Amino acid sequence: MTADTASARVASPGRRLIVEVRWGASAGSKGVLEPGRVLQVGRAETAGLSVPGDASMSELHFELAWDGTHCTLRDLKSGTGTLLDGQRVEESQVSHGGWVRAGMTDFSVHVEAMTPPNRPAVAELPVRKALEARALKALVSQSGLLFAVMDAAQDARVLVLLRESVEEYRSLYDGPQGDVLAEVAPLLVSLPRDSRLLESLVQEGWGMNWGLFLTSQRPFKDVRRHLRKFLMIQDSTGQELYFRFYDPRVLPIFLPRCSPEQLQEFFGGIDSFLMEGSAGERLLRFSVRERKIRRDEVSLVSA
């Protein structure tokens with residue numbers, strides 16, 4: 001981020017600071033700082049953000065202080081030093097989107113909801129807002145834990161929203177593949193009902209084929225493990241292909257063609273899949289009842 005850009009994006013007081021482990025041990029872990037707080041990062045269990053699997057990191061390696069507007073990084077006399085945007089530092093200001101390296105682990109630093117959305121034309125706003133409000137209400141009313149699988153390849157805004165959120169998210173890809181495809185990966189997101197991120201995903205992405213939502217009684221790691229089974233499928237010739245089940249245009253075609261055994265395997269611990277339909281004018285809900293696919297539709301257009 002350039003100096004001009006940084007000066008144009010001044011954090012509003014009250015927003016939280018998000019520190020995310022991007023690569024290395026504990027990838028996907030986040031630390032969240034309220035204004036006026038300090039977060040210590042290191043290998044020790046007592047660290048505010050602990051990375052126990054990185055033997056190159058000091059017990060307490062560095063700390064970040066956040067006053068609601070500015071973030072200050074301080075190296076805690078670590079054994080291998082701390083890098084900020086590639087430069088070794090002892091103390092320095094960290095800009096929104098800054099990169100920190102400690103030991104063998106990389107971190108990113110973002111301010112919550114820092115980047116403003118790209119709004120549609122003014123003439124479209126009343127209609128869109130009504131659809132989004134009804135879609136959000138319908139999603140919040142679902143029982144069970146709520147998750148989303150968002151497609152980073154669909155819009156660069158997806159990753160921006162996730163990185164500037166306190167909610168847990170992880171790519172469905174792992175290892176070297178995950179690193180190479182980080183910018184275009186399907187991303188599983190945990191969405192509490194009062195989540196600011198849930199509201200943002202609906203307000204900005206509904207009707208744009210960003211992904212789908214799902215409900216489950218299982219925790220995040222179990223849902224991710226289950227969904228990873230379906231990233232690749234074989235065609236009639238045995239060739240492996242990427243299966244974009246998280247595209248809301250795919251499951252409405254795929255699920256009705258599945259056998260009862262296939263439905264049982266695909267749903268696993270998933271209670272329902274929810275997605276946009278008819279250019280965002282309907283919410284589609286798929287579940288399994290008596291070994292058959294059940295499709296429910298909710299109109300989001302006012303009578």
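Mentor: Asn209 is buried, with a relative accessible area of 18%. Buried means under 20% relative accessible area, exposed means over 50%, and partly exposed lies in between, with a 1.4 Å probe and protein chains only. This is a predicted model: local features need pLDDT of at least 70, side-chain atom pairs count only at pLDDT 80 or more, and totals for chains, interfaces and linings use all residues. Residues are numbered from 1 along each chain as its sequence is written, and side-chain values use heavy atoms, with hydrogens and water left out.

Asn209 sits in the loop between α5 (196-205) and β15. Its phi is positive, about 60°, although Asn209 is not a glycine. Helices (H or I, at least four residues) and strands (E, at least two) are DSSP runs, numbered from the N terminus.

Now take helix α6, residues 220-227. Its buried residues are Phe220, Val223, Arg224, His226 and Leu227. They cover an arc of only 160° around the axis, which puts them on the same side of α6. That arc is taken from the directions from the helix axis to the C-beta atoms. An α-helix has 3.6 residues a turn, so residues three or four places apart point the same way. On the other side of α6, Lys221 and Arg225 are exposed.

What do the buried residues of α6 pack against? The partners are β12 (145-151), β13 (169-171), β14 (186-190), β15 (211-216), α8 (260-267) and β18 (270-277). Contact here means heavy atoms within 4.5 Å.

Follow β18 onward. Ser278 lies in the loop between β18 and β19 (282-289). Ser278 also has a positive phi, near 50°, in a residue other than glycine. At 46% relative accessibility, Ser278 counts as partly exposed.

Now the whole chain. The protein chain holds 8 helices and 20 strands. Its radius of gyration is 21 Å, close to the 19 Å that the globule rule gives for 303 residues, so the chain is as compact as a globular protein of that length. The radius is taken over C-alpha atoms, and the rule is 2.2 Å times the number of residues to the power 0.38. The C-alpha trace spans about 60 × 50 × 35 Å along its principal axes. Buried residues make up 46% of the 303 residues. Among contacts between residues at least 6 apart in sequence, 58% join residues at least 24 apart.
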